[in-house]
Amino acid sequence: MTRPEPAAGSIYATLVFTNRSTATCTMTGYPGVSYVAQNGVQSGNAAVRQPGTITTVTLPPGGRAKAQLRDANGISGYDPARCKLSPAEGLRIYPPDQTAALFVPWKTEHCAGPTVHSLTIGPVQPG
């Protein structure tokens, strides 16, 4: 994950997937992303898919794909009672079409209320 960059009420970061194997692979679609609390369980809702062009990305050994992540940056205009601001230890990330998750440490606070969808994720792209 690139360093999160703030922008008017949001934080943007890029998730970068690197093929560390010796064989070429492909990725298509969206990663699954959610916050993880201190006890390792999901905190709040998973990321909503941002509309975008879905392409198959071919990754040779060492090749990379990326996906744009947006977070609503704390309360970000939500009613505090609806937001339920909660601490997170990081992100659980499922690469597209995979069932094994990766963990990226990111200590932050986020809205974990059941009706709030503060994370959005774009489709994987070359890069």
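Tutor: A disulfide is counted where two cysteine sulfur atoms lie within 2.5 Å, and the model to which we apply this cut-off is a predicted one.

Student: What makes the pair Cys 83 and Cys 111 a disulfide?
Tutor: The S to S distance of Cys 83 and Cys 111 is 2.1 Å, and the cut-off is 2.5 Å, so the pair counts as a disulfide. A search of the whole structure finds 1 disulfide, and the pair links distant parts of the chain, with Cys 83 in helix 1 and Cys 111 in strand 10, 28 residues apart. The link is left-handed, with -95 degrees about the S-S bond.

Student: Why is Cys 25 called partly exposed, and how are Cys 83 and Cys 111 classed?
Tutor: Cys 25 has a relative accessibility of 30%, and since buried means under 20% and exposed over 50%, a value in between is called partly exposed. Cys 83 and Cys 111 are both buried.

Student: What lines the largest pocket, by class?
Tutor: The lining has 8 nonpolar and 4 polar residues, with no charged ones; among the lining residues are Cys 25, Met 27, Pro 95 and Gln 98. Strand 3 gives the most to this lining, with 3 residues, and the volume of the pocket is about 210 Å³.

Student: How do you know that Arg 64 touches Phe 17?
Tutor: Contact means heavy atoms within 4.5 Å, so a pair that meets this cut-off is said to touch. Arg 64, in strand 8, touches Phe 17 as well as others, including Leu 59 and Pro 126.

Conventions: Residues are numbered from 1 along each chain as its sequence is written. This is a predicted model: local features need pLDDT of at least 70, side-chain atom pairs count only at pLDDT 80 or more; totals for chains, interfaces and linings use all residues. Side-chain values use heavy atoms; hydrogens and water are left out. On a 1 Å grid over the protein atoms alone, a cavity is a set of points where a 1.4 Å probe fits but cannot get out, and a pocket is an open set with protein on both sides within 12 Å along at least five of seven lines; lining residues have an atom within 4 Å of a point. Grid points are joined across faces, edges and corners, and a volume is the space filled by probe spheres set on the points. Helices (H or I, at least four residues) and strands (E, at least two) are DSSP runs, numbered from the N terminus. Ala, Val, Leu, Ile, Met, Phe, Trp, Tyr, Cys and Pro count as nonpolar, Asp, Glu, Lys and Arg as charged, and the others, Gly among them, as polar. Buried means under 20% relative accessible area, exposed over 50%, partly exposed in between (1.4 Å probe, protein chains only). Lists of a residue's contacts leave out its neighbours within four places in sequence.
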